[in-house]
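Here are my notes on this one, as promised. Have the model open while you read, and start with the salt bridges.

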Amino acid sequence: MTGTLDGRPATMAAMAPDPASEPAAPTRNALRTTALTKRFGEVVAVDSVDLEVHEGEFLGVLGPSGCGKTTLLRLVAGFERPDGGEIVIGDRVVADRKRQD
């Protein structure tokens with residue numbers, strides 16, 4: 001998965017458990033972001049990030065210093081409100097444009 005954080009490319013890697021070690025089961029999204037955007041004044045810290053993490057996966061967010069990794073995590077944790085896009089945890093929309101007004 002790739003996205004743009006602070007206008008620079010960033011890599012987001014979700015790792016699933018070894019399929020041989022666990023029985024196959026339908027996977028559902030534990031976390032999904034769609035067009036997630038956060039601005040601080042003129043600075044676009046998170047720029048339209050689309051992300052899906054399924055149940056049982058681990059996520060690592062890699063990128064250079066100041067590219068928006070912490071801002072992305074703060075958005076997902078609910079410490080910041082997005083300026084655009086949507087955050088869904090499980091089946092519940094936890095942040096979108098309608099919830100901010």
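1. E55 is partly exposed, because its relative accessible area is 42%; that label covers values between the buried range (under 20%) and the exposed range (over 50%), with a 1.4 Å probe and protein chains only. R28 is in the loop between β2 (8–15) and β3, E55 in the loop between β4 and β5 (58–62), and 27 residues separate them.

2. Before going further, a caveat: this is a predicted model, where local features need pLDDT of at least 70 and side-chain atom pairs count only at pLDDT 80 or more, while totals for chains, interfaces and linings use all residues. Residues are numbered from 1 along each chain as its sequence is written, and side-chain values use heavy atoms, with hydrogens and water left out.

3. The overall layout is 2 helices and 7 strands, in the order β-β-β-β-β-α-β-β-α from the N terminus. These are DSSP runs numbered from the N terminus: helices are H or I with at least four residues, strands E with at least two. Of the 101 residues, 28% are buried.

4. What does K38 pair with in a salt bridge? E80, with the closest N and O atoms 3.9 Å apart. K38 is in strand β3 and E80 in the loop between α1 (69–77) and β6, so the bridge ties together parts 42 residues apart in sequence. At 9% relative accessibility, K38 counts as buried. R74 forms a salt bridge with E80 too, at 3.3 Å between the closest N and O atoms, and R74 is partly exposed at 33%. The structure holds 5 salt bridges.

5. Take a look at the β3–β4 hairpin, which has 2 residues between its strands and, in the turn, G41 with a positive phi of about 65°. β3 (residues 29–40) and β4 (residues 43–54) pair in the antiparallel sense over 8 bridges; pairing requires at least two DSSP bridges between the strands. R32 has E52 as its bridge partner in β4.

6. Finally, I87 sits in strand β6 (residues 84–89) and is buried, at 0% relative accessibility. Its contacts (heavy atoms within 4.5 Å) beyond four places in sequence include L31, L36, L75 and V94.

Methods
Salt bridge = Lys/Arg side-chain N within 4 Å of Asp/Glu carboxyl O.
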